[in-house]
Amino acid sequence: QSQLVESGGGLVQPGGSLRLSCAASGNTSPYHIIGWFRQAPGKEREGVSCISSTTWSTGYADSVKGRFTISRDSAKDTVYLQMNSLKPEDTGVYYCAAARPGYYCSGPAPDPTRFGSWGQGTQVTVSS
C-alpha cells in the first residue's frame, strides 16, 4: 500500500532553518507530483510548494518564494522542503500529498483539492 511520511519538523527561532522530508513507500508510481501544504490553528490548509518528477517543474506560494526550496531525490523516493528565513507566520502542521491525475505543477501554490494520499503531518513552530 502506498504511503507518504513527513519528518523534520520542530521548534526554531525566527530567521532559522528547517528541512522537511516526505518519504514515499509502497507503490510509488502515482507520486509523479508531490506537494507540500500547511495548516495553522483555526485556518484552512494552504498550498506551499509542489514538484513534478517528470518535468521537474515547481510551484511556490508567494509567501514562501525566495525562502523555501523544494527538491526531489528519485532514488530515495523522497521530496524535501528546505525552509530558510523562517517567520512566526510559517508556524503550522506541514503535510505532503500526491497530486491526482490531471494536475500540473507550475508557478503558483498547489491546490489542496487536487491532491490525495496525505501524510500524517509534521509540526513546525517558529517562535523566540
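Author: Asp-62 has a relative accessible area of 66% and is therefore exposed; the term means over 50%, while buried means under 20% and partly exposed lies in between, with a 1.4 Å probe and protein chains only. The model is predicted, so local features need pLDDT of at least 70 and side-chain atom pairs count only at pLDDT 80 or more, whereas totals for chains, interfaces and linings use all residues. Residues are numbered from 1 along each chain as its sequence is written, and side-chain values use heavy atoms, with hydrogens and water left out.

The partner of Asp-62 is Lys-65, and the closest N and O atoms of this salt bridge are 3.2 Å apart. A salt bridge here is a side-chain nitrogen of Lys or Arg within 4 Å of a carboxyl oxygen of Asp or Glu. Lys-65 is partly exposed, at 47% relative accessibility. The structure holds four salt bridges.

A network of salt bridges links Arg-38, Glu-46, Arg-67 and Asp-90. Arg-38 sits in strand 4; strands (E, at least two residues) and helices (H or I, at least four) are DSSP runs, numbered from the N terminus. At 6% relative accessibility, Arg-38 is a buried residue. One of its bridges goes to Glu-46, with 2.6 Å between the closest N and O atoms. Glu-46 is partly exposed, with a relative accessible area of 36%. Another bridge joins the side chains of Arg-38 and Asp-90, at 2.9 Å from N to O. That pair links distant parts of the chain, since Arg-38 lies in strand 4 and Asp-90 in the loop between strand 8 and strand 9, 52 residues apart. Asp-90 is buried, with a relative accessible area of 1%.

Arg-38 also has polar partners. Its side chain makes a polar contact with the side chain of Tyr-94 at 3.0 Å, and another with the side chain of Ser-63 at 3.4 Å. A polar contact is a pair of N or O atoms within 3.5 Å; within protein, one must be able to donate a hydrogen and the other to accept it, and residues adjacent in sequence count only if both atoms are side-chain atoms. Residues up to four places away in sequence not counted, Arg-38 touches Glu-44, Arg-45, Glu-46, Val-48, Ser-63, Val-64, Phe-68, Glu-89, Asp-90, Val-93 and Tyr-94, where contact means heavy atoms within 4.5 Å.

A nonpolar core is a set of buried Ala, Val, Leu, Ile, Met, Phe, Trp, Tyr and Cys residues joined through side-chain atoms within 4.5 Å. The largest one has 25 residues, and the members that touch the most others are Leu-4, Ile-34, Trp-36, Phe-68, Leu-81, Met-83 and Tyr-94. Among the strands that each supply at least two residues of this core are strand 3 (18-25), strand 4 (33-39), strand 7 (68-73) and strand 9 (92-99). Strand 3 gives the largest share, four residues. Ile-34, leaving aside neighbours within four places in sequence, is in contact with residues including Leu-4, Cys-22, Cys-50, Ile-70, Cys-96 and Phe-115. A second, separate core of eight residues includes Ile-33, Cys-50, Ala-97 and Ala-99.

Cys-22 is buried at 1% relative accessibility, and Cys-96 is buried at 0%.

The other disulfide is formed by Cys-50 and Cys-105, with sulfur atoms 2.2 Å apart. Its S-S torsion is about 95°, so this disulfide is right-handed. Here too distant parts of the chain are linked: Cys-50 is in strand 5 and Cys-105 in the loop between strand 9 and strand 10 (115-116), 55 residues apart. Cys-50 counts as buried at 0% relative accessibility, and Cys-105 is buried with a relative accessible area of 0%. With the bonded cysteines numbered in sequence order, the pairing is 1-3, 2-4.

Key
Disulfide = S-S within 2.5 Å.
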